[in-house]
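The following exercises concern the structure shown below. Each consists of a task and a solution worked step by step.

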Amino acid sequence: MNFVDSLQEVVDTLRSHPLRTMLTALSVAWGIFMLVILLAAGDGISKGVTHSFRDDAVNSLWVYGGQTQKPHGGHPVNRKITLTNDDYHLLSRDVPGVEHITSRFYFQFRTMTISHGNRRGAFDIRACHPDHKFLEKSIIKRGRFLNDLDIREARKVAVIGVAVVEPLFGQEDPMGKTIVLAGTHYTVVGIFDDDGRSSEQRKIYVPISTAQLLSGATSDVKQIMFTLDEKHQERSDAVKAAVREILAGHHNFSSQDKSALRIRDNLETYARVTSVFSGVRFFVWLVGLGTMAAGLLGVSNIMLISVKERTKEIGLRKALGATPRSIIRLVVEEALLITGISGLVGLGAAMGLVHFVREHLPVNDYFREPAVDLGTVLGATLVLVIAGVLSGLVPAYRAAQVNPVVALRDE
Amino acid sequence: MIQLDNVNKSYCMGKGEDASRLHVLKDVTMRVDAGEMVSIMGSSGSGKSTLLNVLGLLDSYDSGEYTLAGESMSELSPTRAASLRNRHIGFVFQSFNLLPFKTAVENVALPLYYQGIPRKKRLRVALENLEHVGLLPWASHRPTQLSGGQQQRVAIARALAAKPSMLLADEPTGALDTETSYQVMELLTGLNREGLTVVVVTHESDIAAMTQRTVRLRDGKVVEATTNAQDPLVPAVTL
């Protein structure tokens, strides 16, 4: 019995019950459609989240001064701890494992009016060290970022984001031109881009020493940020402890006083979020497979009904010489054909929808480039085929046991 | 062709305590020679359908010996029985049992499908058989588009398609009017004259009278075997 022949036989029987075949096929198509859509949605969300972390280096610690809550060394509680240049030097010198380090300082206001000629606009000004570009993952498009000489000599230079160029310079080339900030002129020495949130492209960086000098020669900093040489939680926990120890000694607060320093651990946050998303992915698989299983149970159930309805036909086929094996084959192939074709239709529809969404999705921070990879699709197809055979097996054995005498008995 | 020796068959009725055995065939001994046309007669419940099922390898028997074309039929596996049915036996049923979603020619070709014959050849052979029963013009009609007599002739063509050694007809005229019944019987006797062994189960004596020999069953026993008058050339066969 060749394949085309038995396929023809199966197609004949399926066509004799078009509505039932359609409904069964629909349930399977829906199942795999949902599975793929859910997987793609999970993928999109998880990519969105991962992407939102691209803004900053993942293995970084951000240290802010806080307020003490424990009396220490004769000092009362609620003392405000302000970080200074000394802390920056201490941390860069004494904390093992620090890779790139910068402090950050703001003028009186974070956002200030900048002008170039007649053009003006409001932008965020960040005063920082050269290593800041590693922390924020700034991509230098033209010129350079801040360097050590800028810091040492407190030069009046600025590096501007790509989104700053057009409002201030229009078609003009900004390189080497001057921008005015609070009455001080800065020379533009570089233009940077940033993969993170679009607001990151509207920043202007100036040397921290310059900003401190212009703000009354202060040595205060708002925060100290650094990346770690190793990217695992044990390392960042040890470094956090070391930071607390060193700064506690310097500012005379208890190293146990958690509120004296605020430390933002990006690695910990990242790990927490990614673990949530591996949970989401597991859940998505669970729901998707559940939907598909329901579809396949439907096929199995409908095949059982179909076998029962076709008892007479099966009995006749047996009388005409059908072996039990050929009856099993007929039913299993029928189940396989329904699940196979409708599964592929569901798969195709889902892929189409995913593609459409990917092409037409407005850029946002939460959902990006949903996709299902080839391995997942092949896996789903394999599951489908196996399940198709399985869903046909029970009804097939039921069919093989049909007694032609009983089946053909005239009422 | 067929030799039955003291074949017994009983069914279990009910379950557990109430179970009782219904003895359907009691020491049935009969013989059908190749090329014969034999009718099995009996009232309802006489065991004639069971006998036909045993003959057609659709049902098993408990004791005795059944020899078909020189081969013992005891202890058959379902697969072996299927293959013997396919090669040796053509079935004709009271209610035709054509598959409604297949055309006449596809119905006729079905036994050949189970012989593994390619589709093209199947359909060619099926058309030849349809021509034999005079239904070539109706080859692409579905059963519902055919009259009862035509349906039964399609069923006979189907029974012939695999070139069986014998035809087993279970009340082949039971669902037909008298005129059509006679046409169908004419077709069957014609096939018999061409050399086919035919066994017809019926409860109508006029139908039985068209066969060469009649075996009467009562309560599962063969009570009488008579040679029918209209064909004096065939000698009476003793049991």
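**Exercise 1.** Determine which strand pairs with β4(B) and in which sense.

*Solution.* Strand β4 of chain B covers residues 63–68, and its antiparallel pairing with β5(B) runs over two bridges. Strands here are DSSP runs (E, at least two residues), as helices are (H or I, at least four), numbered from the N terminus. Within this pair, B:L68 lies opposite B:E71 of β5(B).

The model is a predicted one, in which local features need pLDDT of at least 70 and side-chain atom pairs count only at pLDDT 80 or more, while totals for chains, interfaces and linings use all residues. Residues are numbered from 1 along each chain as its sequence is written, and chains are lettered from A and ligands numbered from 1 in the order in which they are written.

**Exercise 2.** State the strand order of the open sheet in chain B, and explain why β2 and β5 stand at its edges.

*Solution.* The open sheet holds four strands in the order β2-β1-β4-β5, with antiparallel pairing. β2 (20–32) and β5 (71–72) of chain B each have a single partner strand, so one side of each has no neighbour in the sheet.

**Exercise 3.** Describe the side of chain B that touches chain A.

*Solution.* Contact (C-beta atoms, placed from the backbone, within 7 Å) joins 23 residues of chain B to 23 residues of chain A. On the chain B side, the elements giving two or more residues are α2 (78–88) and α3 (104–113). α2(B) gives the most, with six residues. By type, the chain B side divides into 11 nonpolar residues, eight polar and four charged. Here Ala, Val, Leu, Ile, Met, Phe, Trp, Tyr, Cys and Pro count as nonpolar, Asp, Glu, Lys and Arg as charged, and the others, Gly among them, as polar.

**Exercise 4.** Which residues of α3(A) and α8(A) meet?

*Solution.* Helix α3 (residues 85–94) and helix α8 (residues 233–251), both of chain A, have axes that come within 10 Å. From α3(A), the residues A:D86, A:D87, A:L90, A:L91 and A:D94 meet A:V243, A:I246, A:L247 and A:H250 of α8(A). The residues of this contact comprise five nonpolar, one polar and three charged.

Technical notes. Pairing = 2+ DSSP bridges. Contact = placed C-beta atoms within 7 Å. Axes fitted to C-alpha atoms, helices over the stretch in contact; angles between N-to-C directions.
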